[in-house]
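Welcome! Take a moment to turn the model around on your screen, and then read on as we walk through it piece by piece.

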Amino acid sequence: MTKEKLVVIGNGMAGCRAVEEILKRDPSRYEISIFGAEPRVNYNRIMLSPVLAGEKTFDDIVINDEAWYRDNGITLHAGRWVTGVDLEGRKVIAEGGLEVAYDKLILATGSDPFRLPLPGADLSGVVTFRDLDDVDAMIAASAKPGARAVVIGGGLLGLEAAYGLARRGMGATVVHLMDVLMERQLDESAGYLLREALLERGVETVLGAHSEAIVGEDGKVTGLKLKDGRTLPCDILVMAVGIRPNAALAKTAGLQVNRGVIVDDAMRTSDPAVFSVGECVEHRGNCYGLVAPIWDMCRALAEELTDGAGAYAGSVLSTRLKVSGVDVFSAGKFAGGEGCEDIVFRDAGRGVYKRVVIEDGKVAGAVLFGDAADGGWYFDLMKAGTDVADIRDTIIFGQAITEGLSGLDPSAAVAAMPDTQEICGCNGVCKGAITSAITTQGLTSLDDVRAVTKASASCGSCTPLVEQVIRATLGDGFKAQTGPKPMCKCTHHPHGVVREAILAQDLKSMPAVMQAMEWTTPDGCASCRPALNYYLLCAWPGEYKDDSQSRFINERVHANIQKDGTYSVVPRMWGGMTTPDELRAIADVADKYAIPSVKVTGGQRIDLLGVKKDDLPAVWADLNAAGMVSGHAYAKGLRTVKTCVGSDWCRFGTQDSTGLGIKLEKFMWGSWAPAKVKLAVSGCPRNCAESTCKDIGVICVDSGYEIHVGGAAGLHIQGTQLLTKVATEEEAIQLISAVMQMYREGGWYLERIYKWMARVGLDTIRAATVEDLDNRAALFARFVKSQETAQVDPWAERASKGVEAGEFKPMATLPMGMAAE
Amino acid sequence: MPAWHDVGAVTDIPERGSRRVATAQGDVAVFRTSDGQVFALVDRCPHKHGPLSQGIVHGHGVTCPLHSWVIDLKTGHPTGADAGKGCTPVVPVRVQDGRVLLAQPVMAD
């Protein structure tokens, strides 16, 4: 009996794997021939990254050598392009007129790397990252001393390419369109850690970067020009921006093709004798670019072609990055979503971030960084749809711990832990040390246990576990935690600890803080984000980039939101002084923009109420034109300096209170603070500027200036306390700035000066700013440094320099209403 | 089958932020979360009708700028302590080739 003829087009991973799977099931059924476009045997394409990195050789990644083809009686047409398929006559036509008849045909034509149609894309030295020829070109480029590479695309392939090039000694820069690396697999927290890890390995990343053109000389690439005007020099440019299924042959042959070659669950195309597997396939609307689905497809196809019934139902995907020493795993709905619950674990010491997403009591996805050992376990739980309600409390700690404690509820699980089980990794405290301290010393609270054993006293991430141990030991005798409250539900750390860590650990971005301080949410909340943004801004002036999306709306749009969604606008009037020209300009603006209310404020300013958001930039432009700037009436920062007329006009005035108020305001405006800061300067103890209920107040006397601190006249009524008296205006300004800086550095977000003072004590403030003159000078110098970058009028930037232009107008206007559900 | 209306690029919306779309029946707030997803709600908090487009976006929620209610972007329902107190209508939205599409406008009654 003659064998059936099986022809495979594609000598890549899918084509050969399909043949292997068929041979495994029925080695003698088919007479097999394979066409391959590359002039070499079958190799493991996904291992090209380690070849590029010099961690493997080509021989290491060959899957099937020539002997395999020979031993299995397979005819290999290597380097032979297939030019057509005759479906009617069931034959394959190749270059040079070769025709091979088939009974069954498998198309495994794979995919082509997508090439961006940028100007200069045809220059020599512009490559993709797809086959061994690309790798050889990259290795050749790296031979030149000081050579640089640019990789477009911060996905899996692009990062592996960049890492490989860096390992070859090249300076490598990844240019990525999105703000997060591997954004289809990683959330922002993991993306941040990855970026840091790559930097350590010599790979720089430019995020949010739009490529404009590839530039070159003498037909050879010399750099990549970005839309922001920068040009990144390079000797080789790798495009790794994705793949598209290679379905051209199928389409020409007349098979049904959409994005890829359309197949059913048996991997059969629209022609019953033609099958297709791999990256060229579109199955149930999905095209795949990873290896695991290809293996699934090949198994289904082999079943179908060996008397079984192929049933491919699609693949659930997981990803691992192949960069040495960087453990990254991602699967499923890693970013959560409706009805999903996040379990987040961070270990700052080890650089670990884990996020497991639970939906309907099952694992719906996971993203792991730094320790991906349990990736496979989460993936199995996810694919099997296992109910994880019972292991919910320990699942984030991984398989070993969870299965060690399985079947027990969390408190019983803790009770069942051996005494040698380590509870606090930072301080090396075992369960036995905690229980014996509790019983021998009569401890009853977390604070007690912390003080005696140091368990949970460092990073604090084991706090819940320590509490469980205390509860298990004491039962009802356990006293719940007291002490400083955490910043918010995203963290167990209080404000002070976070502020100290930002400085001590050099934390310079929000993801850095969230990782180091082991935040339990992926991107914080409306409570901690504004606080962190301020703390970073205060700690790293001029260096930290303000995150406008972490600011409350008033500070984001530099106006105060009102109950109806309109805004109020308050121009600055230095020390409460104004001029006829300013008043005329304000009146004109109020008329021109039909502003419904004009009000005099308690801080000696004029408030324009009811301005439409869309009008804000135009209103500001008109006020700017008359010489006025933002009054920061919306800011957690310096607001107003209220003054009386002082010695200029008043028969009782002892000093120029108006002049000092104006000097203070001109010196201190623009500074951000934990909460709003209001100042006043009164020209005599009659105190017409009400200095003694301000955050910082000055009362002028004949012999100098009394500096008062810590007043309030809002939710709480509180008179100031006298800090000290100084002799000159200059000293008054220096001392007030030093107090302001001390508050800026030590206050907790939303904590007014009077509350901060109650917490740290007036004596502490006096010691630091009055008695210790060196310290006062240092505080003053830091304030001055901070002001260098703070004193930019936010109105002018938005009114005439196009900053945040999208913020003030709708992104689109539709003539009709919307279909709301 | 609803038709869809292109209102701009996904990248027109800041990450962890929101933009308004003006319609004859009032504004729609379109949100982009840190995981790159896009949501749309009528721009009105169920509490005192604050403009949700002006709030702080975190996770899949937005905190209303007026009184800090947290609204679930997917369902329009208030969460936490305010759960069960009314609901903001959800506007069907989808993303195609980097563009944000809202369901085709329907004529107001």
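## A core to start with

Which residues have the most contacts inside the largest nonpolar core? They are Val513(A), Val739(A), Val30(B) and Ala40(B), and the core has 116 residues. A nonpolar core here is a set of buried Ala, Val, Leu, Ile, Met, Phe, Trp, Tyr and Cys residues joined through C-beta atoms within 7 Å. A residue is buried if 20 or more other C-beta atoms lie within 10 Å of its own, exposed if 12 or fewer, and partly exposed in between, with C-beta atoms placed from the backbone.

Apart from this core lies another, of 74 residues, with Leu157(A), Ala166(A), Leu181(A) and Leu193(A) among them. Two residues are in contact if their C-beta atoms, placed from the backbone, lie within 7 Å.

## How to read this model

This is a predicted model, in which local features need pLDDT of at least 70, side-chain atom pairs count only at pLDDT 80 or more, and totals for chains, interfaces and linings use all residues. Residues are numbered from 1 along each chain as its sequence is written, while chains are lettered from A and ligands numbered from 1 in the order in which they are written.

The pLDDT is the predictor's confidence in each residue, from 0 to 100. For chain B its mean is 89, and 93% of the residues of chain B reach 70 or more. For the complex, the predictor gives an ipTM of 0.88 and a pTM of 0.66.

## The two chains

Chain A has 821 residues, and 46% of them are buried. It contains 27 helices and 41 strands. Helices (H or I, at least four residues) and strands (E, at least two) are DSSP runs, numbered from the N terminus. Among the contacts in chain A with a separation of 6 or more, 62% are between residues 24 or more positions apart.

Chain B has 109 residues, of which 52% count as buried. How many helices and strands does chain B have? The count is zero helices and nine strands. In chain B, 43% of the contacts with a separation of 6 or more link residues 24 or more positions apart.

## Where the chains meet

In the interface, 50 residues of chain B are in contact with 34 residues of chain A. On the side of chain B that touches chain A, at least two residues each come from strand 1 (4-9), strand 2 (17-22), strand 3 (28-32), strand 5 (56-58) and strand 9 (99-103) of chain B. Strand 2 of chain B gives the largest share, five residues. By class, this side has 24 nonpolar, 17 polar and nine charged residues. Here Ala, Val, Leu, Ile, Met, Phe, Trp, Tyr, Cys and Pro count as nonpolar, Asp, Glu, Lys and Arg as charged, and the others, Gly among them, as polar.

Strand 2 of chain B also joins strand 41 (residues 812-813) of chain A through two bridges, and the two strands run parallel. There, Ala812(A) stands opposite Val21(B). Two strands pair if DSSP finds at least two bridges between them. Within chain B, strand 2 and strand 3 pair in the antiparallel sense over five bridges, with Arg19(B) opposite Val30(B). These strands form a hairpin with five residues between them, and Gly26(B) in the turn has a positive phi of about 105°. Five of the six residues of strand 2 of chain B are buried, so this strand is largely enclosed by the rest of the structure.

## A five-stranded sheet in chain A

Chain A holds an open sheet of five strands in the order 34-35-36-37-40, with mixed pairing. Strand 34 (638-643) and strand 40 (721-726) of chain A stand at the edges with a single partner strand each, so one side of each is left without a neighbour in the sheet.

Strand 34 of chain A pairs in the parallel sense with strand 35 (residues 677-682) over four bridges. Strand 35 and strand 36 of chain A also run parallel, joined by four bridges, and Ala680(A) stands opposite Gly697(A) there. Strand 36 and strand 37 (residues 704-709) of chain A pair in the antiparallel sense over six bridges, and a hairpin joins them through two residues.
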